[in-house]
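Welcome! Please take a look at the structure below, and then let us work through some exercises together.

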Amino acid sequence: MQAPQQFPGWRPAGPLPQTGPPPVAVPQPPHYPPPGRPPYGRNMVSLRGWPSFPEQLPEFDPAAAPDTPEELFLAWLTEAGEHVLAPHAVTLSTVDEDGAPDARVVILKDVGAPGWAVATSSDSPKGQQLQANPRAALTFFWPGRGRQVRVRGTVAPAAPEVSAADFLARPPASRAEAYLGHQSEILDDPARLPEAAAAAERWVAENPDTAPETWTRYLVRPDSVEFWQAAHDRRHLRLRYRRDGATWVRERLWP
Ligand SMILES: Cc1cc2nc3c(=O)[nH]c(=O)nc-3n(C[C@H](O)[C@H](O)[C@H](O)COP(=O)(O)O)c2cc1C
């Protein structure tokens with residue numbers, strides 16, 4: 001196997017080194033790495049041992065959690081923003097027409113009692129998947145705080161004028177990108193891209209108040225929102241909000 005030398009900490013599979021994963025502040029349990037035999041097959045690169053969380057993890061008291069998941073999310077997001085870039089970047093998971101999962105990172109635009117808003121083109125793969133099966137999951141991970149938030153729910157497109165307003169609030173370069181279209185289609189001839197991008201930029205400059213019909217703001221209305229706080233003793237704290245009519249039920253989960 002060709003060694004990916006640019007990958008710091010990479011080491012070949014084969015005889016498993018007994019020591020030497022990247023240094024971590026947190027002591028590994030005595031069974032790590034497993035004595036005597038590699039825990040993985042041949043031709044596999046072991047990625048175990050990367051430190052996942054900082055030594056200092058934040059406090060989380062599930063008993064003191066607010067009534068709604070949005071309140072707790074905003075508190076965690078704000079705090080995460082002091083430690084990571086793009087704390088509002090989120091993995092949006094959907095399923096395709098064959099029931100196969102698909103996932104990609106998008107930006108969370110707004111959050112509130114009505115739902116969690118993302119925006120994209122309705123003719124992108126994710127837009128088509130959401131039209132056929134309007135359910136999704138959102139997953140946030142903020143390693144610097146040892147925190148994960150999982151949202152599961154139903155998805156509805158916003159009214160056209162709301163989506164248009166979302167589009168027009170985007171910077172010109174982002175608007176031009178959306179006008180390029182063809183998202184995720186095969187780019188047979190990369191040389192066509194600069195010309196198409198320039199045409200999209202011209203269109204945006206000449207039509208500053210126009211939004212493409214396909215630009216869509218989607219509102220994820222959660223059925224559940226789970227907050228996960230890492231603990232170095234592995235007794236991770238998990239609190240799930242489950243929608244129950246007009247209120248939220250809060251439930252602790254086993255780690
Ligand atoms: C940090 C980050 C933010 C992104 N934000 C968006 C977004 O808000 N909307 C969007 O359509 N794509 C966004 N993308 C690109 C998507 O991840 C994805 O590549 C693209 O939307 C095509 O996805 P699809 O083929 O599943 O439809 C973002 C990518 C990254 C890495």
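Predicted model: local features only at pLDDT ≥ 70, side-chain atom pairs only at ≥ 80, totals over all residues.

**Exercise 1. Follow β5 (residues 135-142) to its partner strands.**

Step 1. On one side of the task is strand β1 (residues 89-95), antiparallel to β5 and joined to it by 3 bridges. Here Thr91 stands opposite Thr139.
Step 2. Strand β6 (residues 147-157) is also antiparallel to β5, with 8 bridges between them. Arg135 has Thr154 as its bridge partner in β6, and Phe140 has Val149.
Step 3. Now look at the hairpin of β5 and β6: 4 residues lie between the strands, and Gly146 takes a positive phi near 65 degrees.

**Exercise 2. Is Ala89 buried, exposed or partly exposed?**

Step 1. Find Ala89 in strand β1.
Step 2. Apply the cut-offs: a residue is buried if 20 or more other C-beta atoms lie within 10 Å of its own, exposed if 12 or fewer, and partly exposed in between, with C-beta atoms placed from the backbone.
Step 3. Ala89 counts as partly exposed because it has 13 C-beta neighbours inside 10 Å.
Step 4. Contact means that two C-beta atoms, placed from the backbone, lie within 7 Å. Not counting residues up to four places away in sequence, Ala89 touches Val105 and Ile107.

**Exercise 3. Which residues have the most contacts inside the largest nonpolar core?**

Step 1. A nonpolar core is a set of buried Ala, Val, Leu, Ile, Met, Phe, Trp, Tyr and Cys residues joined through C-beta atoms within 7 Å.
Step 2. The largest such core has 31 residues, and Ala136, Leu138, Val149, Val151, Tyr218 and Val220 have the most contacts inside it.
Step 3. β7 gives the most to this core, with 5 residues.
Step 4. Take Tyr218: leaving aside neighbours within four places in sequence, its contacts are Ala117, Val118, Ala119, Leu130, Val155 and Pro157.

**Exercise 4. Which element supplies the largest share of the shell around the ligand?**

Step 1. There are 14 residues around the ligand, and Arg104, Thr120, Ser124, Lys126 and Ser184 come nearest. A residue is near a molecule if its C-beta atom, placed from the backbone, lies within 6 Å of it.
Step 2. β2 (101-107), β4 (115-121) and α2 (125-132) each supply at least two residues of the shell. The largest share, 5 residues, comes from β2.

**Exercise 5. Why does the span of helix α5 agree with its number of residues?**

Step 1. The expected span of a helix is 1.5 Å times one less than its number of residues.
Step 2. Helix α5 (residues 192-206) has 15 residues, so it should span 21 Å, and its end C-alpha atoms are 21 Å apart, which agrees.
Step 3. α5 is hardly covered: the count of buried residues in it is 1.

Methods. Residues numbered from 1 in each chain as written. Pairing = 2+ DSSP bridges.
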